[in-house]
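I opened my notebook for a look at ring pairs and helix packing.

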Amino acid sequence: MTEPRHDWWRDAVTYQVYIRSFADGTGDGVGDIAGIRSRLPYLRDLGVDAVWVTPWYPSPMNDGGYDVADFRDISPEFGTLAGADALIRDAHAAGLRVLLDIVPNHTSHRHAWFAAALASAPGSRERARYIFRPGVGADGLLPPNDWLSVFGGPAWTRVTERDGSPGEWYLHLFDTTQPDLNWSDRDVHEEFLDVLRFWFDRGVDGFRIDVAHGLVKQTGLPDLGYEDEHLLEPPRIEDHPFWDRDGVHDIYREWREVADAYDPARVFVAEAWVDAPDRLADYVRGDELHTAFNFDYLRAPWSEPELRATIDSTVQSIGVVGAPTTWVLSNHDVERHVTRYGRKVTSALVGVDRAADAGPVDVALGLRRARAAALLTLALPGGAYVYQGEELGLHEVLDLPESALRDPIWKRSRHTLRGRDGCRVPLPWTTRGPSYGFGVGRCWLPQPPGWGALSVQAERDDPGSMLELYRTALRMRRELPALGDGRLRWLSDPGSDVLAFAREPEFACAVNMGPTPVDLPDHSRVLLSSVPLADGLLPTDAAVWLAT
Ligand code: NOJ
């Protein structure tokens with residue numbers, strides 16, 4: 001009899017590589033495949049299970065590669081297909097799975113399909129793959145509806161027809177250079193099924209699905225009726241005309257069949273910003289995707305009642321469909337959590353949210369909380385994500401010069417939102433050197449002075465460093481049977497300022513979010529703590545792992 005195969009993705013810790021900023025192996029100032037390959041030993045020693053690489057396809061890079069010109073190749077900036085194959089092979093040899101990023105909501109305007117659409121007439125087969133519509137009003141001067149781009153400005157751009165006349169408009173929920181695909185068109189379905197197979201055949205273990213909640217638009221494209229759409233905002237109304245429409249689930253059922261046809265089966269994680277945990281649970285039903293990022297957790301403030309409520313609602317709703325929960329604190333789209341947790345409003349998404357309170361930052365406080373958050377995250381049931389640099393305790397770089405900003409949000413918000421570059425600053429690997437070991441000198445985004453103090457070299461083997469906290473926690477997580485997939489049982493009462501829970505067998509985690517030190521739950525031994533305990537008490541903004 002064969003043993004039932006353990007589904008690795010149910011409790012994997014996946015490390016997000018934002019390829020431009022991870023490691024530059026070719027010396028041109030931009031991170032690349034060679035850089036990732038050279039750092040695989042680092043990732044293996046860190047103790048993660050999988051690596052998710054953000055888009056590496058040919059692209060004009062108007063949105064950091066999320067504007068894909070060819071889904072079956074590699075941008076020369078990042079390497080070659082042969083290099084990608086070698087990376088997949090090396091990662092597997094190091095015991096790491098590889099997830100890629102697939103971007104099915106839109107292509108780049110440089111994609112061959114869009115070029116063909118522009119060269120073809122209104123009503124043509126080529127235009128049907130995108131969402132072209134005539135404008136409204138006299139001479140079609142106004143966009144077809146009131147939808148706004150999540151990066152700011154209208155979601156429609158007018159084209160000039162081949163004869164030079166002002167023509168149709170095309171939809172782009174993101175930048176003008178990211179035309180939305182039409183998922184009512186069968187060509188689009190077939191194309192993406194083929195792209196999945198292309199990469200699965202090369203040994204890729206799965207995909208992170210970009211804007212997984214956005215692919216299906218309401219028939220007739222009705223007006224939205226309100227104005228302030230912005231990145232990362234879950235839909236505020238039911239039956240939203242472009243977010244989280246029920247039709248997306250049919251797409252993922254098709255994708256699941258493709259993934260299941262492989263041995264071992266390939267997996268998916270959804271990037272879906274939805275407004276309720278039970279809506280998220282729909283994406284991870286048994287015949288759809290495997291996991292979905294838990295953005296409620298990322299957006300929760302550093303406060304016991306809110307975090308507890310988020311944990312409960314996540315575990316409950318995701319549990320109903322039998323999928324594992326995931327926990328995520330940071331990614332390339334949000335302010336790094338060291339900075340977020342150092343603000344007065346700890347849930348604010350400064351940089352992308354107009355309403356966010358951009359008050360002062362206490363980095364030391366943010367760092368202390370981030371250490372506690374790491375232990376909380378890695379003790380919760382299910383899988384977890386680590387965004388590159390969070391294991392070093394990197395903070396948001398808030399003072400990038402305006403001339404360096406690359407995020408389309410900066411331009412499209414008419415320079416009112418600085419966007420997401422501050423969390424994408426190239427990693428420091430060494431204490432000194434022109435780019436702190438990221439490459440040989442140049443860097444596509446400037447690193448701040450002092451970045452070297454947060455480098456891998458500075459933190460490795462320093463028992464008080466963030467890196468050593470992550471390494472120890474990840475090692476223990478592998479060793480302790482209680483951690484990973486499973487259940488939790490609360491030990492603390494709601495409203496007590498303390499999040500304390502048990503995992504079986506014989507494990508407890510406690511986090512103190514209140515103003516004074518508290519007693520530890522019953523235990524036989526302290527396994528790990530985010531700061532030294534004070535006279536056997538758990539200090540404020542600290543977490544502890546216990547053997548019970
Ligand atoms: C979500 C990605 O994470 C973000 O970086 C990108 O700008 C948008 N999707 C558009 O693809």
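**Entry one: aromatic pairs.** I kept in mind that this is a predicted model. I looked up the ring pairs and found a count of 33 aromatic pairs. I then picked out Trp 490 and Phe 501, whose ring centres are 5.8 Å apart. Their planes stand at 85 degrees, and over 60 counts as edge-to-face, so I wrote the pair down as edge-to-face.

Trp 490 belongs to strand β12 (residues 489–490) and Phe 501 to strand β13 (residues 498–503). The two residues are 11 residues apart, and the pair links distant parts of the chain.

Is Phe 501 buried or exposed? I found a relative accessible area of 0% for Phe 501, so it is buried.

**Entry two: charges over rings.** Trp 490 came up again here, with Arg 308 over its face at 4.3 Å from the ring centre. I noted Arg 340 over the face of Tyr 341 too, at 5.6 Å from the ring centre.

I turned to helix α13 (residues 363–379) and helix α16 (residues 466–479). Angles under 35 degrees count as roughly parallel, so that is my label for α13 and α16.

Which residues meet there? On the α13 side I listed Leu 367, Ala 370, Arg 371, Ala 374, Leu 375 and Leu 378. They meet Met 466, Leu 469, Tyr 470, Ala 473, Leu 474 and Arg 477 of α16. Sorted by class, this contact has 10 nonpolar and 2 charged residues, with no polar ones.

Key
Residues are numbered from 1 along each chain as its sequence is written. This is a predicted model: local features need pLDDT of at least 70, side-chain atom pairs count only at pLDDT 80 or more; totals for chains, interfaces and linings use all residues. Side-chain values use heavy atoms; hydrogens and water are left out. Rings of Phe, Tyr and Trp (its six-membered ring) pair if their centres lie within 6.5 Å; planes under 30 degrees apart count as stacked, over 60 as edge-to-face and the rest as tilted. Helices (H or I, at least four residues) and strands (E, at least two) are DSSP runs, numbered from the N terminus. Buried means under 20% relative accessible area, exposed over 50%, partly exposed in between (1.4 Å probe, protein chains only). A charge sits over a ring if NZ of Lys or CZ of Arg is within 6 Å of the ring centre and within 35 degrees of the ring normal. Axes are lines fitted to C-alpha atoms, for helices over the stretch in contact, and angles run from 0 to 180 degrees between N-to-C directions. Angles under 35 degrees count as roughly parallel, over 145 as roughly antiparallel, 65 to 115 as roughly perpendicular and the rest as oblique. Contact means heavy atoms within 4.5 Å. Ala, Val, Leu, Ile, Met, Phe, Trp, Tyr, Cys and Pro count as nonpolar, Asp, Glu, Lys and Arg as charged, and the others, Gly among them, as polar.
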